[in-house]
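Reader: I would like to go through some labels attached to a model and see what each one rests on. Please set each value against its cut-off.

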Amino acid sequence: MTPAVEIRDLHKSFGDLHVLKGIDLDVQQGEAVVLLGSSGSGKSTLLRCINFMEEPNDGRIRINGDLIGAERGGKMVYRENELCKLRTRVGMVFQHFNLFPHMTVLENVMEGQVVVLGRSKAEARDKALAQLARVGLEEKAPEYPSRLSGGQKQRVAIARALAMDPEVMLFDEVTSALDPELVGEVLKTMRQLAEEGMTMVCVTHEIGFAYHVANKVCFLQDGQILEQGEPHKVLKTPETSRVRDFLDGHSLFKLPD
Ligand SMILES: Nc1ncnc2c1ncn2[C@@H]1O[C@H](COP(=O)(O)OP(=O)(O)O)[C@@H](O)[C@H]1O
Ligand SMILES: [Mg+2]
């Protein structure tokens, strides 16, 4: 089967700072991959390269078999209209939800569909309501974001990304800014998406989510994948002391024996 995301020898630098140093990663269709790693290890940069908010300096990315960019003299070149199309195929949800405050929940979820995909308002509305129902917030459609809790706002942001019919969803620490009592509802929504077969790559410090939901866990260290494999293997019997130390520092969640 063609992987949903295939990354080969990906490099990204900011000036002299070499952040991603040769990432190889496959995400199979329907798979949920969790990226772990300490702050500054390059997790966000990797996600941002997968949807080309950042252009890689070297390497190849294929989305469902399609090579993004064109090769010229051994280097990849990217055209902006190609990247715009790509960004609709790879949805992303961030730590801060960035909902438009002057639009209702429904309008927030319709906006990208109308402006970017050119859908009719009627079609976008139906789609938005269906995605809001999927995250359990259909009844909030007429509200303004200021009337929602942080967890509800984040679920609207997820619905907004889903409404674009992405082939892959990227989640960058989407529960990190939430009050602890609101984390569970967002993780539950993400778990449900994974169970429905959505292909997802999630950066999270929620080790329990990684253990119970991920098909694969990757540990990033200094711009490289230090360990990857099935959750029970990486999280219970890590090969390196680096991963063991990291997990010891996140021991609030006790893995089942
Ligand atoms: N736009 C940028 N310009 C310059 N440096 C950046 C930029 N984005 C990230 N970095 C640097 O790249 C490194 C990795 O950052 P990041 O990918 O955000 O790590 P993580 O998400 O794992 O905490 C850090 O040293 C960070 O300061
Ligand atoms: Mg980050």
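Reader: Where does Asp165 lie, and what makes it count as partly exposed?

Author: In this predicted model, Asp165 sits in the loop between α5 (150–162) and β9 (168–172). Asp165 has 13 C-beta neighbours inside 10 Å. A residue is exposed at 12 or fewer and buried at 20 or more, so Asp165, with 13, is partly exposed.

Reader: What is noted about phi of Asp165?

Author: Phi of Asp165 is near 55°, which is a positive value in a residue other than glycine.

Reader: Which loop holds Glu173, and what is its phi?

Author: Glu173 belongs to the loop between β9 and α6 (180–195). The phi of Glu173 is positive, about 50°, although Glu173 is not a glycine.

Reader: Why is Glu173 called partly exposed?

Author: Within 10 Å of Glu173 there are 18 other C-beta atoms. Buried would need 20 or more, and exposed 12 or fewer; Glu173 is therefore partly exposed.

Reader: How do you know that Val234 is buried?

Author: Val234 is part of helix α8 (residues 231–236). Val234 has 25 other C-beta atoms within 10 Å. The cut-off for buried is 20 or more, so Val234 is buried.

Reader: Which residues does Val234 touch, not counting residues up to four places away in sequence?

Author: With that exclusion, Val234 touches Val217, Phe219, Glu227, Gln228, Gly229 and Val243. As for Val217, this residue is 17 residues apart from Val234 along the chain, and their C-alpha atoms are separated by 6.8 Å.

Reader: Why are α5 and α6 called roughly parallel?

Author: The two helices pack at an angle of about 20°, with their axes 8 Å apart. Angles under 35 degrees count as roughly parallel, and α5 and α6 are therefore roughly parallel to each other. The crossing in which α5 passes α6 is right-handed.

Reader: Which residues meet where α5 contacts α6, and how do they divide by class?

Author: From α5 come Gly150, Gly151, Gln154, Arg155 and Ile158, and they meet Leu182, Glu185, Val186 and Thr189 of α6. The residues of this contact divide into three nonpolar, four polar and two charged. Gly counts as polar in this scheme.

Reader: What makes α3 and α5 roughly parallel?

Author: The axes of helix α3 (residues 105–115) and α5 cross at roughly 30° and come within 8 Å. The limit for roughly parallel is under 35 degrees, so α3 and α5 are roughly parallel to each other. The handedness of the crossing, as α3 passes α5, is right-handed.

Reader: Which residues of α3 and α5 meet?

Author: Val105, Asn108, Val109 and Gly112 in α3 meet Val156, Ala159 and Arg160 in α5. By class this contact has four nonpolar, two polar and one charged residues.

Reader: Which residues surround ligand 1, and which elements give two or more of them?

Author: Around ligand 1 are Phe14, Leu17, Val19, Gly37, Ser39, Gly40, Ser41, Gly42, Lys43, Ser44 and Thr45. The elements giving two or more residues to this shell are β2 (17–27) and α1 (43–50). Of the elements, α1 gives the most, with three residues.

Reader: How does the shell around ligand 1 divide by class?

Author: There are three nonpolar, seven polar and one charged residues in the shell.

Key. Residues are numbered from 1 along each chain as its sequence is written. Chains are lettered from A and ligands numbered from 1 in the order in which they are written. This is a predicted model: local features need pLDDT of at least 70, side-chain atom pairs count only at pLDDT 80 or more; totals for chains, interfaces and linings use all residues. A residue is near a molecule or strand if its C-beta atom, placed from the backbone, lies within 6 Å of it. Helices (H or I, at least four residues) and strands (E, at least two) are DSSP runs, numbered from the N terminus. Axes are lines fitted to C-alpha atoms, for helices over the stretch in contact, and angles run from 0 to 180 degrees between N-to-C directions. Angles under 35 degrees count as roughly parallel, over 145 as roughly antiparallel, 65 to 115 as roughly perpendicular and the rest as oblique. A crossing is left-handed if the near helix is turned anticlockwise from the far one by less than a right angle, and right-handed if clockwise. Two residues are in contact if their C-beta atoms, placed from the backbone, lie within 7 Å.
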